[in-house]
Amino acid sequence: MTGILSYGAFAAPMAPARSEAELAVAGAFGKGAAEPGRTKEPFDAQRDGAKTSRRRRLWELPAKYHCPLIGVCFDVAELRRMVGKALDYPPDTTDYVWHTIAVGVCDKRCPLSEQFNRLLDKRFALMIRRMAACKTAPELRAAWREVCRHGTEIPAGLWAACTHPACDRELEQEIQADIHMIQHQVGAGARIDLQAMKNLEAENRRLRQEAEAARKRCEQLRADHAGEAAGLNRRISALQADLSAQEASVERLRGEMERLRAMLPDLDERVRLQARLRNTEERLSAARERETNLENEVARLRDFAAYAEETIETLVREPDPDAGVPDEAAYLPAGNQLLGKCVLCVGGRSGAVNSYRSVVERQGGRFMHHDGGREESLHRIDGALAAADIVICQVGCISHNAYWRVKEQCKRTGKPCMFVKSTGTASFGRVVGEAGGNVNKSVDKSAGDMAARDETGGGA
C-alpha cells in the first residue's frame, strides 16, 4: 500500500464552508472559487445516458473517492513535492493541510489534477490492463474481491476499479464500504503495533535489568577467577621448583649411566644382539606357523586330487550307454520316484535341457539347470547347489572350476552328487532312475524304522 488513509471522514463530501486555502487553490488554476453551497453533478447521472468504454478521470469521480484515493495512493512527502511546485505554502504547513489541498484540487480539472491522473495511470498501468478484461460489473466485482483478498495491491485495485467503465453505483458502495473497513483495520493494526511496542519496551527494560544483573555476576566471577588464577600461579611456581629438582636428579642419573657404560664397552652391542634375537625368534615362529598351514593345505589338496583322479578314471572306464541308442529311449515311464525332490543338472547340451526337464518331471521331481560356467556366472551355482536335493554333473560339458566347486560343496554338505560322462538323454534318464531308487530306499528305510519304533512302543 503506497500511503495510509489520512483521516476517516472520506465517506462524506467536502464541507460546504471552504477554507481560504481551498479558495486560493481553485483560483490559482482559473476555475473560479466554488460556491459555498455547490454540489458536484454526480457521474451516475451522466452514466444513465449512452454507455461508453472510456475510463473515468479523477475529476469525474464522485467527491467521496478523492480523499481515499489521495490518501491511499500518494505519500505525504510526494504530495508536498507535487503541490508545492504549483502553490507557494509555508514550510511549516501540516500534512493535513497538504492532503486537504490535494483533495480539493481533484474536484475540478486543472493541471495538478491532470498530473495526479497521469501519475496514477502510469503507476498502476498493470492493474488497469488486468481489470480491462472485465466487461461487466460482476466481473469487475470479482476482480476487486480478489485484490482485497490478497491485500497487497489495494491502491492499484482502488484506482483501476473506480475509473473502470463497468463500475456502477452498487459496486461503488461496496468499494467505499471495503475501503472504510480497511481503514479501520489499518487503525486497529496501528493500535496493535502500539501495544506491541509498549510490550517490547517493557521487555527491553526487563532485559536491561537482567543484563545488569548478569554483568554483576560476571564481575564477581571475574574476581573469583582472578583469585583462582593467583593460586594456580603459586602452584605452578612450586611445580617449576620441583621440576628443576627432578631435572638435576636426571642429570645426575645420566652421568651415573655414562659411567656404567664406560665400564661395560660392549653393552650397546649386547642390547642390539638381544633385539635381533627377539626379532629372529618372532619371524621363526611365524614361519613355522605358515609351514604348518601349508603342509595341511598340501595334504588336503593331495587327498582331493587323488579322489578326483579316481573319479575321472572311473568315468573314463565306464562304457557309454548312449552309443547307438536314440534319446527317446531315455524317457522312463511316468511315476513318482523322486517324491518332489529338486534335481540340479550342471552342464549338458543346451538343446537337451528340455528333455532333461521332462525326464525329471515325469519321475515326480523338480528340475533346475546351470550351464557349468560357459555362459552363466559361477557365483550363481552356489545358490543352486544350496536349493538342490540331488546334483547330476555332466563332466564333459562344464569348466574345471565348476567341476571342483560342485564336487567340493557336495562333499562338504553331504548331498548326493552323480557324475555323468555322456550328455545324452538316455544317460541322464538312467542316473535319474538310480536317484529315484535311492530316494525310495531311504523312504522305505525310514518307514521301517518308524514301524519298528511303533511296535516296540506297543509291546511296552
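Guide: Strand S1 (residues 342-346) is joined to S2 by 5 bridges, and the two run parallel. Here strands (E, at least two residues) and helices (H or I, at least four) are DSSP runs numbered from the N terminus, and two strands pair if DSSP finds at least two bridges between them. Within this pair, Val343 stands opposite Phe367 in S2. The model is a predicted one, in which local features need pLDDT of at least 70 and side-chain atom pairs count only at pLDDT 80 or more, whereas totals for chains, interfaces and linings use all residues. Residues are numbered from 1 along each chain as its sequence is written, and side-chain values use heavy atoms, with hydrogens and water left out.

The pair belongs to an open sheet of 4 strands, ordered S2-S1-S3-S4, with parallel pairing. Strand S2 (366-370) and strand S4 (417-420) are the edge strands, each pairing on one side only. From one strand to the next, the twist averages 20°; angles run from 0 to 180 degrees between N-to-C directions, and axes are lines fitted to C-alpha atoms, for helices over the stretch in contact.

Helix H12 (residues 353-362) packs on this sheet and touches S1, S2 and strand S3 (390-394), contact meaning heavy atoms within 4.5 Å. The direction of H12 makes about 150° with that of S2. Helix H14 (residues 400-413) lies across S1, S3 and S4, and runs at about 150° to S4.

H14 also meets helix H13 (residues 379-387): their axes come within 11 Å and cross at roughly 35°. H13 contributes His379, Ile381, Asp382, Leu385 and Ala386 to the contact, and H14 contributes Arg405, Val406, Gln409 and Cys410. By class, the residues of this contact divide into 5 nonpolar, 2 polar and 2 charged. Ala, Val, Leu, Ile, Met, Phe, Trp, Tyr, Cys and Pro count as nonpolar, Asp, Glu, Lys and Arg as charged, and the others, Gly among them, as polar.

Other helix pairs can be described in the same terms. The axes of helix H8 (residues 137-150) and helix H9 (residues 154-162) come within 9 Å and cross at roughly 165°. That angle makes H8 roughly antiparallel to H9, because angles over 145 degrees count as roughly antiparallel, under 35 as roughly parallel, 65 to 115 as roughly perpendicular and the rest as oblique. The crossing of H8 and H9 is left-handed. Leu140, Trp144, Val147 and Cys148 of H8 make the contact with Ile154, Gly157, Leu158 and Ala161 of H9. This contact has 7 nonpolar residues, 1 polar residue and no charged residues.

Of its 460 residues, 31% are buried, that is, under 20% relative accessible area, with exposed meaning over 50% and partly exposed in between (1.4 Å probe, protein chains only). Helix H3 (residues 66-73) is mostly covered, with 8 of its 8 residues buried. Among contacts between residues at least 6 apart in sequence, 75% join residues at least 24 apart.

Terms used
Left-handed = near helix turned anticlockwise from the far one by under 90°.
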